[in-house]
Amino acid sequence: MDDQHDLLRPRGLHGMDHRIVSALRACGSDPRVAATARALSFAGEHGAVWVAAGLAGAVVDRPRRGAWLRGTALTAGAHAASSVVKRVVRRPRPAHVEPLVGTVGRHSFPSSHATSAAAAAVAFGALGARAVPPLAAAVCVSRLVAGVHYPSDVAAGAALGALTARLGARWMTGGTA
């Protein structure tokens, strides 16, 4: 490769982030994959699907209503924390791919969708909601297919969400924090 071409290809972790998002975004050229990515991204906006799931759990599972509501609060809190981190870090979204979805903001690190998804997977998974972890993983992948996050954004968001829910686990189940 010539020197000019090497300057256009990021190296190291940054380069791997670029290559992975490019490859996954290419999967979105299939209309069915694109529609699924858009639907999952829409559902995960502001943690809406997780708030709805937590409230539904509180309605259906009356004996553990408090745990479901506290799990929902943990999930919303994790989402809020990711928004604060995003404003501090200010990493731009991938510019080398055409996004499939619009975004609320222009910063990508960490992925707030991944943060709330992972928090819900940990919190609601602890309450036996077996469908939540695979749906949470799908929401995370949708952000890569949609071309609006780098894999490191999603990984950091998932770690933040899982950590937030794990730290609040005793409070969620009725113990003290």
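Predicted model: local features only at pLDDT ≥ 70, side-chain atom pairs only at ≥ 80, totals over all residues.
**Exercise 1.** Find which residues are linked with Arg91 in a network of salt bridges, and work out where the partners lie.

*Solution.* Let's take the partners in turn.

- Step 1: Arg91 and Asp17 meet through their side chains in a salt bridge, with 3.1 Å from N to O. Asp17 sits in helix α2 (residues 12-27) and Arg91 in the loop between α5 and α6, so this pair ties together parts that are 74 residues apart in sequence.
- Step 2: Arg91 also forms a salt bridge with Asp153, where the closest N and O atoms are 2.8 Å apart. Here the loop between α5 and α6 is linked to helix α8 (residues 151-167), and the two residues are 62 apart.
- Step 3: Asp17 is buried at 4% relative accessibility, and Asp153 is buried at 0%.
- Step 4: Put together, Asp17, Arg91 and Asp153 make up the network.

**Exercise 2.** The whole structure holds four salt bridges. Say how exposed Asp30 and Arg32 are, given that their side chains meet in one.

*Solution.* The N to O distance of this pair is 3.0 Å. Asp30, at 24% relative accessibility, counts as partly exposed. Arg32 reaches 64% and counts as exposed.

Terms used. Residues numbered from 1 in each chain as written. Heavy atoms only, no water. Helix = DSSP H or I, 4+ residues; strand = E, 2+ residues; numbered from the N terminus. Buried < 20%, exposed > 50% of the residue type's maximum accessible area, 1.4 Å probe, protein only.
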